[in-house]
Number of protein chains: 2
Amino acid sequence: MSTTPLSPTPRSTIGRNAVRARTERSDLYDVLDAGLVCHLGFVVDGAPVVLPTAYGRDGGTLYLHGSSGARYLSGAEFPACVTVTHLDGVVHARAVMHFSMNYRSAVVHGTARRVTDADERWEALRVVVEHLTPGAWEHARQPNRRELAATAVFALDLTEASVKIRTGPPSDDTEDVDADAAWAGVVPVRTVFGEPEPSPDLPTSWSVPAHLRADHDREPIT
Amino acid sequence: MSTTPLSPTPRSTIGRNAVRARTERSDLYDVLDAGLVCHLGFVVDGAPVVLPTAYGRDGGTLYLHGSSGARYLSGAEFPACVTVTHLDGVVHARAVMHFSMNYRSAVVHGTARRVTDADERWEALRVVVEHLTPGAWEHARQPNRRELAATAVFALDLTEASVKIRTGPPSDDTEDVDADAAWAGVVPVRTVFGEPEPSPDLPTSWSVPAHLRADHDREPIT
């Protein structure tokens, strides 16, 4: 794992609530690795578009994939922002303006470049699938030529990013704490996996494969 | 509730996997109302920025708030995209390229306008707090003049939006189903509330208020 710190460019330097900023590269990787869905931002005709999508990470590179026919993926590169957010709790304060959320979020800025090298494309798709469920790439049928042609792969360097984490109880004003007129605390929020549901057309002789049971048992995410 | 259908502008018309598109306004409201965090996209120097933030809905208007000192909120209006995504499951197919997710997502395009009218600002803040936890606005201390001055409120009309929902088992190719060489099905993902955790400085005489218990009992959200 790279030990390069996160880039302190103006747009990746947190201005508001800087006490929540993390600057270690390992914090970035932890937040990215714990998520399943990212929100990809790009610009079309001067306006922002934000879409949820899957992703994967290979060292200091984030990979995204999509249909090669998708409108926003038509160029060789585009300015992109990828954000991953885990909601950990609703923070109830004594004052409504101090209500908050406990969360971990990573915001990656950069230029998404279209991956054209066949080996890198293959590895990127493996990384995206393995991010979703480790073991799935070896278990299921790997891409054929037709599927590869239909798929666009983009890479985003993890060089310019910010990480923000809030934990703990509300931060109320002293006079509100002293007034003691409202409940204060945190309602935890967790994302959990349910029991695997076999496809209706799956022969009943199948049991749930080991890599899926591992997935089911792993730490709750988001 | 308005019965105006969602705007069929080019950017709000779903091109990929159009079978997943929903066009009823009630679908949009359902997805928005079930979420706690949205991802707000805006453009800075030609590049996209995507940040997680709280929100609320009042009829056909989405409200956002932030610090009045935040860099991106300095103008009277800005092109914005607000996306809310609920992850409902990881879809395991027989082929890795058919892996997918079950989800509900709403993408709202428009121009966020800064709200300056005092009454609308007050109502917007109420809506954002009540979206987080119904009952919180009446329970906790409402904003004072200093807090109001420190808070920027933006409104986004819900006139141009798309909604996409995927449910059910994987969509495998017939030859992969016939080959029967991999497990196929869905691992459900749910977001749940934990037991409320009182703030360490909350007097132990407090019990959890009724509106919070209702929050804890309500349907799991993502």
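**Salt bridges, ring pairs and the A–B interface**

In this predicted model, A:R94 and A:D172 form a salt bridge, with the closest N and O atoms 3.2 Å apart. A:R94 sits in the loop between β6 (77–92) and β7 (100–114) of chain A, while A:D172 belongs to the loop between β9 (160–166) and α5 (174–179) of chain A, so the pair ties together parts that are 78 residues apart in sequence. Over all chains, the count comes to 22 salt bridges.

Six aromatic pairs are found over all chains. One of them joins A:W122 and A:W137: the ring centres are 5.3 Å apart and the planes stand at 85°, so the pair is edge-to-face. This pair links distant parts of the chain, with A:W122 in helix α2 (residues 118–132) of chain A and A:W137 in helix α3 (residues 136–139) of chain A, 15 residues apart.

Turning to the interface, 92 residues of chain B are in contact with 93 residues of chain A. The size of an interface is often given as the accessible area lost when the parts come together. Here, chain B and chain A bury about 7,300 Å² between them, and 66% of this area is on carbon and sulfur atoms. Three residues, B:V96, B:M97 and B:W183, supply 11% of the area that chain B buries against chain A, more than any other three residues.

Eight salt bridges are counted between chain B and chain A; among them is the one formed by B:D173 with A:R146, whose closest N and O atoms are 3.5 Å apart. Between chain B and chain A there are also 28 residue pairs in polar contact, with both residues at pLDDT 80 or more. On the side of chain B that touches chain A, the largest share, nine residues, comes from strand β10 (residues 185–193) of chain B. The residues of this side divide into 54 nonpolar, 23 polar and 15 charged.

Strand β10 also takes part in pairing between the chains. Five bridges join strand β10 (residues 185–193) of chain A to β10(B), and the two strands run antiparallel. Within this pairing, A:V192 stands opposite B:R190 in β10(B).

Technical notes:
Residues numbered from 1 in each chain as written. Chains lettered and ligands numbered in written order. Predicted model: local features only at pLDDT ≥ 70, side-chain atom pairs only at ≥ 80, totals over all residues. Heavy atoms only, no water. Contact = heavy atoms within 4.5 Å. Buried area = accessible area lost by both parts, 1.4 Å probe. Salt bridge = Lys/Arg side-chain N within 4 Å of Asp/Glu carboxyl O. Polar contact = N/O pair within 3.5 Å; in protein donor to acceptor, adjacent residues only side chain to side chain. Helix = DSSP H or I, 4+ residues; strand = E, 2+ residues; numbered from the N terminus. Nonpolar A, V, L, I, M, F, W, Y, C, P; charged D, E, K, R; others polar. Pairing = 2+ DSSP bridges. Phe/Tyr/Trp six-rings, centres within 6.5 Å; stacked < 30°, edge-to-face > 60°.
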